[in-house]
Amino acid sequence: MSKAVEIDIASVSKIYGKTIAVDAISLKIPAGSYCCLLGPSGCGKTSTLRMIAGHESVSIGDIVLGKDVVTDLPPARRGTAMMFQSYALFPHLDLVDNVAFSLRMAGVDRQTRRARALEMLRLMQMDAYADRRPAQLSGGQQQRVALARALITDPEALLLDEPLSALDPFLKIRMRAELKKLQKQLGITFVHVTHSQEEAMALADLIVVMSDGRIEQAASPRDVFERPATAFVARFMGDHNVISGGVTAIAEGLTTFEVAGGGRFLASGAAQPVGSSVDAAIRTDHVRIGESPVPGLGFTGLISNIEYRGATVKLTIEGAGIAEFTAIITDTAFYATSVAVGDAVPLHWAVEDAIILGTSNR
């Protein structure tokens with residue numbers, strides 16, 4: 001396989017008429033890494049991927065692969081390959097001819113391209129099905145064939161547009177493991193678009209969270225999980241509660257802020273001026289049932305919903321001017337308390353679990 005390549009997205013925008021789909025983003029994707037572009041529908045992640053591939057033109061800015069500016073190059077001259085969400089296999093061709101199609105278009109002779117296609121099918125453990133048509137395959141098998149077709153050109157970067165979205169939940173988990181293993185085996189750069197937080201956490205070395213055409217945070221899965229950069233990231237990843245209020249005091253590295261309903265809380269992190277608005281995040285799995293030993297690190301609220309999840313139980317609580325607050329506790333802790341929907345329950349957390357969030361890059 002080819003040497004992996006760094007991808008540098010330099011102040012890139014994509015504009016459709018009066019709509020800004022991608023808004024002046026800059027990002028370096030290290031060579032040989034697995035990068036996931038993550039965000040809700042319409043956030044700009046697929047447009048970004050298609051600009052890297054050359055399937056969408058860049059309105060402003062540059063795409064650099066390695067040392068080469070490829071902004072104006074056609075897809076075939078970029079050293080990338082793209083695997084589409086639909087797989088886009090040719091129904092009338094067998095698997096060998098499907099995989100070999102790009103080599104056929106490049107004028108490679110039949111014997112050479114078929115031998116190379118069989119080699120790629122062996123890599124995907126699909127050589128036993130070489131004479132079948134796509135309709136005779138399962139979703140997971142079709143995905144492997146689409147991967148083989150993308151990789152036959154020895155790309156320096158593989159671009160994947162929601163490759164697991166059409167698979168059932170059990171197959172998604174299995175194919176996630178296969179994708180990660182394949183990326184490590186090949187050593188090339190993978191850029192993978194997804195709207196699934198779980199998928200990005202499982203696969204990525206670098207998660208790029210996008211919203212409204214901008215990058216909210218680009219970091220390792222652990223950093224995104226433990227220290228979300230903005231309220232959007234904290235809410236979108238789903239593992240933090242976000243409390244918003246006005247700063248009333250700053251002392252000893254802690255910010256005191258008050259929410260509209262009158263609740264008063266403490267948080268650590270970058271201090272904001274008294275009187276300014278602030279967002280603070282609290283890990284859902286670090287919330288505990290019981291009175292807080294420190295005022296401002298907890299509240300008493302009413303349980304509005306309970307979801308049993310096996311090893312854990314999700315509690316949804318309202319109170320202290322907070323419309324919805326989540327606590328993920330162990331099933332052991334839950335059954336030791338015997339709380340029910342409608343009950344008032346005291347909650348608390350440690351001071352290091354309440355962090356001041358940055359503002360979105362707008």
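Before you start clicking: two residues are in contact here when they have heavy atoms within 4.5 Å of each other. Also keep in mind that this is a predicted model.

With that in hand, select Ser-33. You'll find Ser-33 in the loop between strand 2 (19-29) and strand 3. Leaving out residues up to four places away in sequence, Ser-33 touches Gln-183, Ile-188, Thr-189, Phe-190 and Asp-205. Is Ser-33 buried or exposed? Its relative accessible area is 8%, and the cut-off for buried is under 20%, so Ser-33 counts as buried.

Stay in that loop and pick Pro-30, which also lies between strand 2 and strand 3. Pro-30 has 40% relative accessibility and is partly exposed.

Next, follow Gln-183, one of the Ser-33 contacts, into helix 6, where Gln-183 is among the buried residues. Others to colour include Leu-171, Met-175, Leu-179 and Leu-186. Residues three or four places apart on an α-helix point the same way, because there are 3.6 residues a turn. What do the buried residues of helix 6 pack against? Show strand 3 (34-38), helix 4 (110-123), helix 5 (139-151), strand 7 (157-161), strand 8 (189-194) and helix 7 (197-203).

Finish at the two ends of helix 6. At the start, a side-chain oxygen of Asp-168 comes within 3.0 Å of the backbone nitrogen of Phe-170. After the helix comes Gly-187, with a positive phi near 75°.

Technical notes
Residues are numbered from 1 along each chain as its sequence is written. This is a predicted model: local features need pLDDT of at least 70, side-chain atom pairs count only at pLDDT 80 or more; totals for chains, interfaces and linings use all residues. Side-chain values use heavy atoms; hydrogens and water are left out. Buried means under 20% relative accessible area, exposed over 50%, partly exposed in between (1.4 Å probe, protein chains only). Helices (H or I, at least four residues) and strands (E, at least two) are DSSP runs, numbered from the N terminus. A polar contact is a pair of N or O atoms within 3.5 Å; within protein, one must be able to donate a hydrogen and the other to accept it, and residues adjacent in sequence count only if both atoms are side-chain atoms.
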